[in-house]
Amino acid sequence: MTDIAAAKAALAAQTIELPSWAFGNSGTRFKVFTQPGVPRDPYEKIADAAQVHRFTGVAPTVSLHIPWDKVDDYADLATHAKGLGVELGVINSNTFQDDDYRLGSICHADPAVRRKAVDHLLECVDIMDATGSPDLKLWFADGTNYPGQDDIRDRQDRLAEALSRVYARLGDGQRMLLEYKLFEPAFYTTDVPDWGTSFAHCVRLGEQAKVVVDTGHHAPGTNIEFIVAFLLRERKLGAFDFNSRFYADDDLMVGAADPFQLFRIMYEVVRAGALDPAAGVNFMLDQCHNIEPKIPGQIRSVMNAQEATAKALLVDRDALRAAQRAGDVLGANAVLMDAYNTDVRPLLAEVRADKGLDPDPMAAYARSGYAAAIAAERVGGRQAGWGA
Ligand code: LRH
Ligand code: MN
């Protein structure tokens with residue numbers, strides 16, 4: 001039988017980290033849409049993220065992206081966050097928006113360009129020291145568009161050399177999280193294209209290097225939960241960038257395009273005991289709300305992640321193991337599907353009520369009047385965005 005009390009306790013302790021950039025304007029190469037009340041600076045982004053935590057109770061940290069969230073005083077920004085009941089989380093580097101990086105950053109053939117990129121990564125570690133952030137997340141757009149454009153092996157040598165320089169700079173308790181992505185913006189080779197490449201570099205670097213699984217970064221049809229199960233077994237899964245997609249890196253709300261896949265992923269997390277904060281897996285969102293309102297979009301995304309987690313926690317593990325060991329194919333599948341087909345919304349409403357929260361975060365936010373207040377207040381200035 002499933003222990004409902006244990007499931008509720010795990011759900012109450014769950015945390016989902018929010019991306020500061022989800023609160024700014026975003027879009028595609030065709031159009032970046034603006035919306036009323038969008039933040040103009042990292043202080044306002046964090047104020048909006050704090051609203052998501054206020055109504056869900058499970059989003060206590062905000063990840064920053066440098067230079068999109070560059071400020072003069074990071075300690076002051078951390079104090080601002082604390083004053084709003086949240087904390088600064090992962091620091092994301094950005095070596096994909098500077099003209100010098102046209103042919104790559106840390107994998108570029110020119111040592112001067114590589115040095116510039118590594119200096120930025122080292123600056124991000126300085127920022128971690130200032131904000132108290134434990135993790136540096138590294139995603140590189142580096143790659144090539146045409147066969148022969150550059151040497152695949154030379155670029156791996158440059159990648160390894162740069163990563164080891166940053167790794168050496170990490171302090172105790174600090175980690176580097178290496179994110180992979182199949183393609184885009186490079187369309188022939190990407191220097192960190194898949195979990196195997198990230199895993200191999202992280203194993204070579206050491207204990208403080210872990211892999212990031214962005215759920216939008218795989219070839220269609222990839223069994224992502226297999227990758228998750230494998231990395232957890234190797235203690236090399238450091239974080240998720242949660243989002244969903246129908247085609248490519250669509251960065252849509254997690255669970256929106258494929259809630260069953262999210263459930264299967266969260267089942268492997270629960271099965272490995274990795275929902276426990278002590279397991280060191282950071283569950284983050286990495287999304288863009290191009291056409292929908294951003295704060296409700298983040299609240300809905302957090303709720304989708306909670307629902308997938310609740311269903312995963314309701315899997316009758318003993319019955320599943322018994323059916324698996326007995327070779328009862330349909331029986332085993334049925335155990336998992338029973339959990340997936342369970343309506344967990346009443347259970348999550350209870351978890352929220354136990355925390356003194358409104359059982360319906362979306363309705364509570366809508367009633368709060370916050371959206372109208374920021375639309376009226378945030379007039380003038382330059383709305384934040386990717387600046388791509
Ligand atoms: C790259 C990515 C990476 C970020 C960016 C915002 O596609 O997933 O995690 O730095 O999106
Ligand atoms: Mn990502």
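Predicted model: local features only at pLDDT ≥ 70, side-chain atom pairs only at ≥ 80, totals over all residues.
Tutor: Helices (H or I, at least four residues) and strands (E, at least two) are DSSP runs, numbered from the N terminus. Residue N243 is found in the loop between β11 and α8 (259-271).

Student: Is N243 buried or exposed?

Tutor: Buried means under 20% relative accessible area and exposed over 50% (1.4 Å probe, protein chains only). N243 has 3% relative accessibility, so the residue counts as buried.

Student: Which backbone oxygen does the side chain of N243 reach?

Tutor: A polar contact is a pair of N or O atoms within 3.5 Å; within protein, one must be able to donate a hydrogen and the other to accept it, and residues adjacent in sequence count only if both atoms are side-chain atoms. The side chain of N243 reaches the backbone oxygen of D286 at 2.9 Å. A polar atom of that side chain also lies 3.2 Å from the backbone nitrogen of G216.

Student: Which residues coordinate the manganese ion (ligand 2)?

Tutor: Donors are N, O and S atoms within 2.8 Å of the metal (3.2 Å for Na, K and Ca). Here E179 (OE), D214 (OD), D241 (OD) and D286 (OD) coordinate the ion at 2.1 to 2.2 Å. E179 lies in strand β8 (residues 175-179) and D286 in the loop between β12 (282-285) and α9 (294-313), so this pair ties together parts 107 residues apart in sequence. E179 is buried at 2% relative accessibility, and D286 is buried at 10%.

Student: How are the strands arranged?

Tutor: Two strands pair if DSSP finds at least two bridges between them. Eight strands form an open sheet with parallel pairing, in the order β1-β4-β5-β6-β8-β10-β11-β12. β1 (18-19) and β12 stand at the edges with a single partner strand each, so one side of each lacks a neighbour in the sheet. Strand β11 (residues 237-242) pairs with β12 over four bridges, and D241 stands opposite M284 in β12.

Student: Which polar side-chain atom lies 3.0 Å from an oxygen atom of ligand 1?

Tutor: One belongs to K137, and D214 also has a polar side-chain atom 3.0 Å from a ligand 1 oxygen.

Key:
Residues numbered from 1 in each chain as written. Chains lettered and ligands numbered in written order. Heavy atoms only, no water.
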